[in-house]
Amino acid sequence: MSEPLRVVIGEDDVLLREGISRLLTEAGFHVVAQAGDAKDLLRKGLAHRPSVVIADVNMPPGHGDDGLQAAIELRRERPETGVLVLSQFYEEQYALDLIGDRAEGVGYLLKERVGDVESFVDAVTRVARGGSALDPEVVGRMLGRRQRNRPLDTLSPRERDVLSAMAEGKSNHGIARALLISQAAVEKHVTSIFHKLELDPAQTEHRRVLAVLVYLRDESSD
């Protein structure tokens with residue numbers, strides 16, 4: 001029997017923090033620690049080495065984006081730990097700062113999504129296992145109106161395979177091994193994916209992440 005996924009919860013609202021802890025415990029997670037401020041969250045996230053840390057964007061001591069900054073620092077110091085951030089309101093820059101240059105092991109949800117227990121538990125599980133969980137509204141706004149009419153339809157079957165592997169967090173080397181093709185072939189496919197999804201270098205420095213976002217949005221709409 002596998003060990004339960006370990007969770008650290010950071011939320012200054014005690015009732016919400018306890019509520020999240022209770023529902024995750026009932027879902028089979030092991031809540032190893034809770035924190036009411038960003039400094040304590042970072043300390044416990046580093047000390048307990050959880051599978052995933054859940055953090056509210058706005059936490060003491062500054063009640064600004066302290067929780068987000070703690071989450072970003074945790075991702076920097078413990079890249080193997082998943083981070084799921086909850087936000088009262090959508091802020092594109094917050095999402096981009098959190099995601100950085102890799103979409104694996106990261107989640108960004110509007111806080112209201114906690115009320116959909118099944119979906120929330122699924123999101124926590126995906127992030128804990130190295131996947132992504134991005135709020136549909138967040139993804140839609142980040143991508144704007146540039147991608148219309150199911151842009152993934154323009155990709156070849158092999159390009160879709162490559163993008164799917166990218167969404168799993170695989171490097172180009174990892175994709176090559178998984179698909180039994182050369183790394184040069186992977187790089188060619190990735191370049192083609194960027195072109196077909198209109199993610200040119202002049203537009204954004206987050207092309208790989210945004211390509212994954214297109215994939216995630218398309219998959220969730222099926």
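Mentor: Before we start, a contact here is a pair of heavy atoms within 4.5 Å. Keep in mind, too, that this model is predicted.

Trainee: Happy to begin! What covers the buried residues of α3?

Mentor: Let's see what needs covering: D66, G67, L68, A70, A71, I72, L74 and R75 of α3 are buried. Their cover includes the strands β3 (52-56), β4 (82-87) and β5 (106-110). Helices contribute as well, among them α4 (92-99) and α2 (38-48).

Trainee: How far apart are the end C-alpha atoms of α3, residues 66-77?

Mentor: Start with the expectation: α3 has twelve residues, so at 1.5 Å a residue it should span 16 Å. The model agrees with that, since the end C-alpha atoms of α3 are apart by 17 Å.

Trainee: Which residues of α3 make the contact with α2?

Mentor: The two helices pack with their axes 9 Å apart, at an angle of about 20°. Angles under 35 degrees count as roughly parallel, so α2 is roughly parallel to α3. From α2, the contact uses A38, L41, L42, G45 and L46. On the α3 side, the residues are D66, G67, A70, E73, L74 and E77.

Trainee: Is the crossing of α2 and α3 left-handed or right-handed?

Mentor: Two packed helices are described by the angle between their axes and the distance between the axes. The crossing of α2 and α3 also has a hand, and it is right-handed.

Trainee: What share of the 222 residues of the protein chain counts as buried?

Mentor: The chain has ten helices and six strands. Buried means under 20% relative accessible area. By that cut-off, the buried share of the 222 residues is 50%.

Notes:
Residues are numbered from 1 along each chain as its sequence is written. This is a predicted model: local features need pLDDT of at least 70, side-chain atom pairs count only at pLDDT 80 or more; totals for chains, interfaces and linings use all residues. Side-chain values use heavy atoms; hydrogens and water are left out. Helices (H or I, at least four residues) and strands (E, at least two) are DSSP runs, numbered from the N terminus. The expected span of a helix is 1.5 Å times one less than its number of residues. Buried means under 20% relative accessible area, exposed over 50%, partly exposed in between (1.4 Å probe, protein chains only). Axes are lines fitted to C-alpha atoms, for helices over the stretch in contact, and angles run from 0 to 180 degrees between N-to-C directions. Angles under 35 degrees count as roughly parallel, over 145 as roughly antiparallel, 65 to 115 as roughly perpendicular and the rest as oblique. A crossing is left-handed if the near helix is turned anticlockwise from the far one by less than a right angle, and right-handed if clockwise.
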